[in-house]
Amino acid sequence: MAAPAKSTPRDAQIMAAILKDMGVLEYEPRIINQMLEFTYRYVTDILDDAKIYSAHANKKTIDVDDVKIAVQCRMDHSFTSPPPRDLLMEIARHKNNQQLPLIKPYTGPRLPPDRYCLSAPNYKLKSTKKPRIQFGLPMKQINQFGSGQRISLANLKTSSSSGNPTLTVVTKAVSQPTVTIISKPASSLPKPTIRVNTGSLGSTSLPKIITQSSSGTSILTPKPTPIQTSLLPTTITPTISLSSAISTPTIITNPLKRKLEDDDYDK
Amino acid sequence: MEAMEGIESGKAPVKPDISEKQTLLAVLQFLKKHNLAETESQLKREAKLTDDDVATENSAPSESEVSHALAAYKSDDDPTLYGDIYTDLKAFVDSSLDVHKVELAMVLYPVFVHMYLELVYNGHESTAKSFFEKFSKDQEDYHQTDISKLATVTKPEHMKGNQLMENFKASKFVIRMSRDSYTHLKRHLQDKQLNLLLNIIQEHLFIDVFDGVPRNKQQIQLTCGGILGEAQREANKAKVFYGLLKEPDINVPLEEEEDPGEGDSSDKPKKKKSKKDPLLMKKSKNDPNAPIISRIPLPEIKDMDKIEKINMLRESSKKVKVDKDHPPSICFYTFLNSAHGVTCIDISEDASLISAGFADSGIRVHSIAPGKLRSVKTGLELELIDKDADDVLERMMDDKTGGEFKRLSGHSGPVYSTCFSSDRASMISSSEDGTIRLWSLQTWSNLVCFKGHNYPVWDVKFSPHGHYFASAGHDRTARLWSTDHYQPMRIFAGHLSDVDCLQFHPNSNYIATGSSDRTVRLWDVLNGGCVRIFTGHKSPVHCLGISPDGKYLASSGVDQIINLWDISTGSLVSQMKGHTDTVYSLAFSRDGGVLASGGLDNTVRTWDMNRVVDEMDTDVDASIPSTLQVVDNSNLLLGTYYTKASPVLSLQFTRKNLLLAGGAFVAS
């Protein structure tokens, strides 16, 4: 880029000269402004720190040593550089000595334990309606969310003895503390087995039992039943009025009670 | 110790010499410190040392103690001492025989660097500066970038933070030299008693001696250029299993051969065997150079994979022959209106998807096959479909969500690399924020965020067999991950500077990395060790390509030259010159006959690999570098294809040998 004009401030000219010295010949003109800002901020930070250190040492003015300490401290915080080579080699040697773990066959999508995945819900809804305690079906508020975000795949496990291609689809169970629609035939909650038939709902597609599941639970392990799904209805409108439309009794269960899955954590 | 020896040699009757004078001055200093005035004046008279010499001595800020006064001669401030020694060495090199001259000249650069560093380390700033100015211009061009970095180091405090300096100080610079040149050099050093130089050479240089004819300038030029010199012979000795893995037996249904009439003119035999591809034929026998299939754990072949393979074989059987007489057709995908945003482009292996990473941390995936991009139905809807139907995979997708492209957001810094998995169900991307993200291409969402590099990750690639992926970053390491572990499985450390690019070997057992330290290394996945070091690039390496048969590795970068390496021996096979700017992508054709390259000069160039293989010198002995012969003629360049103003960021041959290229239009 062209050298700054003679009328530019001296600092800018110096900065351009530094860039030229370091071999940077092509740059956008705004770079000089950015570099000057950075320089100003860096120097004032260092001098501020140095002032504190010299005051701590009960000195009247800032000393070279104060500045040195200030620089050192700042280097450790902001301008970290990658670890030194010997440390890297040591870490690498340690890691490389472990054998590559064997790969378990037929486990569907291979993902780390849920804690390390991003498949947990990152919000929860509060109900606006006062819950009615009634006998019968545990009914939770229904949640709705944008279809673009939610992932609901059924982890189906057709018998692998079939010659057909095995369909393994990821299940991402997005389960809310307060809102979940999960049908787990082997639910541990002592709920009656009232089922809401699909047909009775008409436009909505809320076919199954609404049970509570806890946040972050993903149901990936194959269950003995042929189908296990964690369903997230995307087409259901969020209001509780729907539940009343269904006219099923509602029971409140503790939304915070969590059913621990044994594949939640590292195996 | 050395000081004592210096004095001994000083006492021996020799011609006036630098070290001689220096020793005397040191003795004088010692005497002065101990206030032995009479002895001092006597020595001065006898040695005929003028007062000026002494004065220059005294002006030197020597912070050494009395006991070290004699050792202080090593850290002397006399600029002429180091300068003299260096000029002396240069004169020696020039005066030696032509055969030895080039090899000995390689010593000059590391000696220059270490002398400068010693001057700086001992605090002689002005001397160091003058030494530097005097001799830096003499060094080769490709060292100039390192030298300009050296120039910023003027005080001992600077040395701590500077990575390049640490590399130099800590490791030895490797030079390969023939035995004759080496003995010549040793004799000279011992004759002249230049202890300073001897120390530097012994401490900081490693001279790998080989028995054979000294190399000529051209041969040396081919392999020098690495930050720390060349690779030692030992580095390239390990056995590398470069063959391809044995393919599982798949019955390829061949009944659907349409138009057998067309096949009359082609030379492909229309037998009813299941394997036509010559590559596959080789694999059916036991290749001694191939790793056993269980060397590293690989995912099992699922039914889906088998179908995929069958499709692949079927398409590959229709592939067009691409060679010198049949140049490939090139289809170029240009990203418009995003010139300063597109940082990387990747095309999937079956050429159905193209993804671009942007500087604003977004990723866009487009479909370049006829279908649209759909996402999977919601859980409720999936419940309702018939799982035993044949087209369950189609029914799974929600057509309402179909679109021409999908956007993926999640990173917090520019995305530097993306890669599709071989089954196109997932994709990984790496970014400046130090994370690698795994995206599902069925739900179009981010599944996992792998944190490990704390510095920008420059490149990321899936393994051809799935399940593993590798990343290369600014922290000078490459790492191997698997999708079901949140921590890396292997860390490949050894490069001296950022690792810029990475490629898996077709058998998934090896990973090649190219770095800013101008070397290319091949790592073994099984134990994380470096099995090959290829030096010869004169600038950072930005792209790599491995031939489909696994034998050759091509690399290129800022120096615009494509180097082709033989993996089995570790030697350079061919150099392809032609590009006029940095090369950013390389791709081999499916049968390995043509190498395509593209870069910042807005061109795609194709090179003749068949010719290289024919003209290659097959009985070259890697341990004797002077037998290196490189295929270098200009006939290797088959064609140059210009784009309007779009640097070529990605190249991929489809299964039918059509070349796809991707780039972003840069309106300047």
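The legends below describe several close-up views of a predicted model.

Local features are described where pLDDT is at least 70, side-chain atom pairs count only at pLDDT 80 or more, and totals for chains, interfaces and linings use all residues. Residues are numbered from 1 along each chain as its sequence is written, chains are lettered from A and ligands numbered from 1 in the order in which they are written, and side-chain values use heavy atoms, with hydrogens and water left out.

**View 1. Chain A and its order of elements.** Chain A holds five helices and three strands, where helices (H or I, at least four residues) and strands (E, at least two) are DSSP runs numbered from the N terminus. Read from the N terminus, the elements follow the order α-α-α-α-β-β-β-α. Of the 267 residues in chain A, 36% are buried, a word used here for under 20% relative accessible area, with exposed meaning over 50% and partly exposed in between (1.4 Å probe, protein chains only). Contact means heavy atoms within 4.5 Å, and among the contacts in chain A between residues at least 6 apart in sequence, 73% join residues at least 24 apart.

**View 2. The largest nonpolar core.** A nonpolar core is a set of buried Ala, Val, Leu, Ile, Met, Phe, Trp, Tyr and Cys residues joined through side-chain atoms within 4.5 Å. The largest such core has 51 residues, and B:Met115, B:Phe131 and B:Leu197 are those with the most contacts inside it. Helix 7 of chain B, residues 108-121, gives the most to this core, with ten residues. Apart from this core lies another, of 18 residues, which includes B:Val240, B:Leu553, B:Leu572 and B:Val630. Leaving aside neighbours within four places in sequence, B:Phe131 is in contact with B:Tyr82, B:Gly83, B:Tyr86, B:Phe112, B:Met115, B:Tyr116 and B:Leu119.

**View 3. Helix 7 against helix 13 in chain B.** Helix 7 and helix 13 (residues 195-204) of chain B pack at an angle of about 105 degrees with their axes 10 Å apart; axes are lines fitted to C-alpha atoms, for helices over the stretch in contact, and angles run from 0 to 180 degrees between N-to-C directions. Helix 7 and helix 13 of chain B are therefore roughly perpendicular to each other, since angles of 65 to 115 degrees count as such, those under 35 as roughly parallel, those over 145 as roughly antiparallel and the rest as oblique. From helix 7 of chain B the contact draws on B:Val111, B:His114, B:Met115 and B:Glu118, and from helix 13 of chain B on B:Leu196, B:Leu197, B:Ile200, B:Ile201 and B:His204. These residues divide into six nonpolar, two polar and one charged, with Ala, Val, Leu, Ile, Met, Phe, Trp, Tyr, Cys and Pro counted as nonpolar, Asp, Glu, Lys and Arg as charged, and the others, Gly among them, as polar.

**View 4. Helix 6 against helix 12 in chain B.** The axes of helix 6 (residues 98-105) and helix 12 (residues 179-192) of chain B come within 9 Å and cross at roughly 75 degrees, which makes helix 6 of chain B roughly perpendicular to helix 12 of chain B. Helix 6 of chain B contributes B:His100, B:Glu103 and B:Leu104 to the contact, while helix 12 of chain B contributes B:Asp180, B:Ser181, B:His184 and B:Leu185. By class, this contact has two nonpolar, three polar and two charged residues.

**View 5. Two loop residues with a positive phi.** Most residues other than glycine have a negative phi. B:His467, although not a glycine, has a positive phi of about 75 degrees; B:His467 is found in the loop between strand 14 (457-462) and strand 15 (468-473) of chain B and is buried, with a relative accessible area of 9%. B:Asn657, also not a glycine, has a positive phi of about 70 degrees; B:Asn657 lies in the loop between strand 30 (648-653) and strand 31 (659-664) of chain B and is buried, at a relative accessible area of 2%.

**View 6. The surroundings of B:Ser497.** B:Ser497 lies in the loop between strand 17 (490-493) and strand 18 (499-504) of chain B and is buried, with a relative accessible area of 13%. Not counting residues up to four places away in sequence, B:Ser497 touches B:Arg476, B:Ser515, B:Ser516 and B:Asp517.
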